[in-house]
Amino acid sequence: MRALGALLTGTEARLVATALEDEESVPSAFAMVDLGRRSHALDLVTGAGLRADRELLAAVLRGVEGAHSVTRRVETLWTMPGHLAGGGGLTTSLVPLVEGARESVVCSTFNFQRSSGMWGALRAASRRPGVGVRVYVDAGASAGGSGPSAGEVAEWLAPGEAFRTRDFDGRPVRNHAKFLSVDHRFVVVTSANFSWSAEYGNIELGVRIDDPSLADRVEREMRDAEDVLYEPIGA
């Protein structure tokens with residue numbers, strides 16, 4: 001049951017539970033689950049002994065829906081010159097968050113500089129046993145010569161995985177998505193790049209949200225976009 005709850009999104013759990021409560025069969029109800037995970041989900045249902053009891057399975061899925069819907073805390077993160085906001089948002093908030101990661105770090109930025117506190121924090125996380133690191137960068141920004149190249153980013157973060165934008169319909173794609181997702185739970189969406197100026201000199205605003213459902217959705221949407229908009233660096 002725990003594995004099933006981790007596999008499904010809150011929306012999927014709600015849709016499947018509703019279908020079961022409407023007396024649809026288990027296979028029919030699970031048609032609501034993403035095709036790539038549907039077979040695994042049904043295997044987990046069978047392994048948990050829930051397939052023969054639609055009422056109990058629906059109750060379990062309502063619990064999964066509720067667990068995914070809880071937002072525990074939302075905070076604003078500011079960066080302002082002169083430490084008017086109490087310090088750089090990335091330095092005082094994101095770096096410790098990455099340093100405390102125990103399962104995963106997924107992040108995206110336009111400009112990644114060695115001067116950023118995230119440069120060292122992400123490298124350390126990628127080398128910590130059991131922590132998967134996945135980073136998305138802009139191909140054009142990393143090729144501009146003002147910072148590390150995409151290849152240098154990938155080499156620095158190995159064995160973590162790094163991706164850069166690729167052309168779409170013959171035109172370069174800009175990676176302006178700036179976010180961090182840690183341990184499939186904490187999500188930070190920010191205006192700041194990974195650079196010293198963004199962490200200390202600029203006026204930047206971010207929001208940190210403790211919401212596993214949101215983290216799951218953001219990470220999956222980026223995965224879905226990989227084959228079309230990104231390419232592994234060094235591939």
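**Cores, ring pairs and a helix**

Q: What makes the largest group of packed nonpolar residues a core, and which residues have the most contacts inside it?
A: The largest nonpolar core has 29 residues, and V98, V105, F112, M118, L122 and L180 have the most contacts inside it. At least two residues each come from α6 (89-99), β2 (104-108), α7 (117-126), β3 (132-137), α9 (150-157), β5 (179-182) and β6 (186-190), and α7 gives the most, with 5 residues. The group is called a core because its members are buried Ala, Val, Leu, Ile, Met, Phe, Trp, Tyr or Cys residues joined through side-chain atoms within 4.5 Å. Helices (H or I, at least four residues) and strands (E, at least two) are DSSP runs numbered from the N terminus.
The model is predicted, so local features need pLDDT of at least 70 and side-chain atom pairs count only at pLDDT 80 or more, while totals for chains, interfaces and linings use all residues. Residues are numbered from 1 along each chain as its sequence is written, and side-chain values use heavy atoms, with hydrogens and water left out.

Q: Which residues does L122 touch, beyond those up to four places away in sequence?
A: L122 touches V98, V105, C107, F112, V133, V135, L157 and F194, a contact being heavy atoms within 4.5 Å. A second, separate core has 21 residues, including A13, A17, V45 and L57.

Q: How many aromatic pairs does the ring rule give?
A: The count comes to 6 aromatic pairs, where rings of Phe, Tyr and Trp (its six-membered ring) pair if their centres lie within 6.5 Å, and planes under 30 degrees apart are stacked, over 60 edge-to-face and the rest tilted. Y136 and F163 pair at 5.5 Å centre to centre with 25 degrees between the planes, and are therefore stacked. Y136 belongs to strand β3 and F163 to strand β4 (residues 161-165), 27 residues apart.

Q: What kind of aromatic pair do Y136 and Y230 form?
A: Their centres are 5.0 Å apart and their planes 65 degrees apart, so the pair is edge-to-face. Y136 lies in strand β3 and Y230 in strand β8 (residues 230-232), so the pair ties together parts 94 residues apart in sequence. Y230 is also buried, with a relative accessible area of 8%.

Q: How do you know that R123 lies over the face of W156?
A: R123 is 3.8 Å from the ring centre of W156, and the rule asks for NZ of Lys or CZ of Arg within 6 Å of the ring centre and within 35 degrees of the ring normal. W156 also belongs to one aromatic cluster with F112, W119 and F194.

Q: Why is E75 called partly exposed?
A: The relative accessible area of E75 is 25%, so the residue is partly exposed. E75 is in strand β1 (residues 73-79) and, leaving aside neighbours within four places in sequence, contacts G206, V207 and R208.

Key. Buried means under 20% relative accessible area, exposed over 50%, partly exposed in between (1.4 Å probe, protein chains only).
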